[in-house]
Amino acid sequence: MDIEKYTNSKVYEFFEWTFKLIIWNVLTIFITCLAGGIPFLGFYLLKEGIFASICSILTIVLALFAFIPCYVTIFCCIKIYKEDGYAETFLLYFDRLWDNVKSLYKLELIILPIICLFIIAIYIYYAILKENPEWSNIKMVFSFGYYFLLICLIILFLCFLNLPMVVGHFRMKTKSLMRFTLKITFKKIFSTAMYLLILVMPLLLALFLNFLFPVWILLGFSLPLYFMYFIARRDYWKLIKDINEIYKEEE
């Protein structure tokens with residue numbers, strides 16, 4: 001048997017990619033659940049009260065704090081393996097994860113508290129508007145605040161969709177990373193819409209067709225990021241060639 005011919009075949013490449021995508025996806029879900037597991041246990045045991053509420057908030061915050069670098073790491077692994085042609089599955093993942101944690105923790109310390117405050121404020125505005133259905137000037141102010149914060153959350157989510165591509169191609173300081181990600185989100189709004197569709201559609205299918213949920217557990221993040229890589233590749237190659245534009249973002 002010609003081993004070299006076998007390893008270069010499309011069938012081998014398909015199963016090699018499938019294996020890596022599954023491993024990276026499962027590791028991401030496992031690490032995320034592990035980070036939020038301890039406060040969630042407190043929430044489960046207490047069930048109600050102020051401490052239960054604190055535990056529920058900590059569960060979400062810690063899970064997101066772990067998930068964001070893990071999610072970015074999947075894209076970095078895909079990019080490296082696609083362009084270099086060889087990489088150890090586990091070693092590459094944890095090497096990139098540690099690097100991304102160091103690169104993103106400042107951004108997370110800034111963004112996650114803001115997201116939490118926005119969500120709490122939206123909940124409060126919604127409760128007030130629901131209890132006071134009559135139209136008034138005060139209600140108009142609360143309605144404005146409610147929709148403004150909701151739009152801000154949507155913008156942050158769209159920026160999150162572009163974050164793996166930005167981190168995977170460039171190394172920036174936190175301020176420059178935030179500014180550049182926001183800029184690229186709206187500059188490449190069509191690509192951003194494609195990222196949204198690619199990421200959300202599998203989740204919706206898994207929720208409405210329960211038999212697909214195990215498939216989502218295995219490939220729900222890694223496979224969309226694999227397709228996102230091909231969408232983003234041309235745009236970011238152009239940005240890399242135009243190095244002067246990147247320098248301007250760093251200044």
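1. The protein exposes about 15,600 Å², of which carbon and sulfur atoms supply 73%. Accessible areas come from the Shrake-Rupley method with a 1.4 Å probe, and for residues only the protein chains shown count as cover. This is a predicted model, in which local features need pLDDT of at least 70 and side-chain atom pairs count only at pLDDT 80 or more, while totals for chains, interfaces and linings use all residues. Residues are numbered from 1 along each chain as its sequence is written, and side-chain values use heavy atoms, with hydrogens and water left out.

2. Read from the N terminus, the elements run α-α-α-α-α-α-α-α-α-α. Helices (H or I, at least four residues) and strands (E, at least two) are DSSP runs, numbered from the N terminus.

3. Of the 251 residues in the protein, 40% are buried. Buried means under 20% relative accessible area, exposed means over 50%, and partly exposed is in between (1.4 Å probe, protein chains only). Among contacts between residues at least 6 apart in sequence, 76% join residues at least 24 apart; a contact means heavy atoms within 4.5 Å.

4. The count of salt bridges comes to 6. A salt bridge is a side-chain nitrogen of Lys or Arg within 4 Å of a carboxyl oxygen of Asp or Glu. One of them pairs Lys20 with Glu16, with the closest N and O atoms 3.5 Å apart. Both residues lie in helix 2 (residues 10-46), 4 residues apart, about one turn of the helix. Lys20 counts as buried because its relative accessible area is 2%.

5. A second pair to check is in helix 4 (residues 89-131), where Asp99 and Arg96 lie 3 residues apart, about one turn of the helix. Their side chains meet in a salt bridge (3.2 Å, N to O), and both residues are buried.

6. Asp99 also forms a salt bridge with Arg171, the closest N and O atoms being 2.7 Å apart. This pair links distant parts of the chain: Asp99 is in helix 4, and Arg171, 72 residues apart from it, is in the loop between helix 5 (137-169) and helix 6 (174-187). Arg171 has a relative accessible area of 43%, so it is partly exposed. Salt bridges that share partners join Asp95, Arg96, Asp99 and Arg171 into one network.

7. Leu204 counts as partly exposed because its relative accessibility is 36%.

8. The structure holds 0 disulfides, a disulfide being a pair of cysteine sulfur atoms within 2.5 Å. Cys76 is in no disulfide, and the nearest cysteine sulfur, that of Cys77, is 6.9 Å away. With a relative accessible area of 5%, Cys76 is buried.

9. Leu223 has its place in helix 9 (residues 222-241). Its relative accessibility is 31%, so Leu223 counts as partly exposed. The C-alpha atoms of Leu223 and Ile78 are separated by 9.8 Å, although the two residues are 145 residues apart along the chain.
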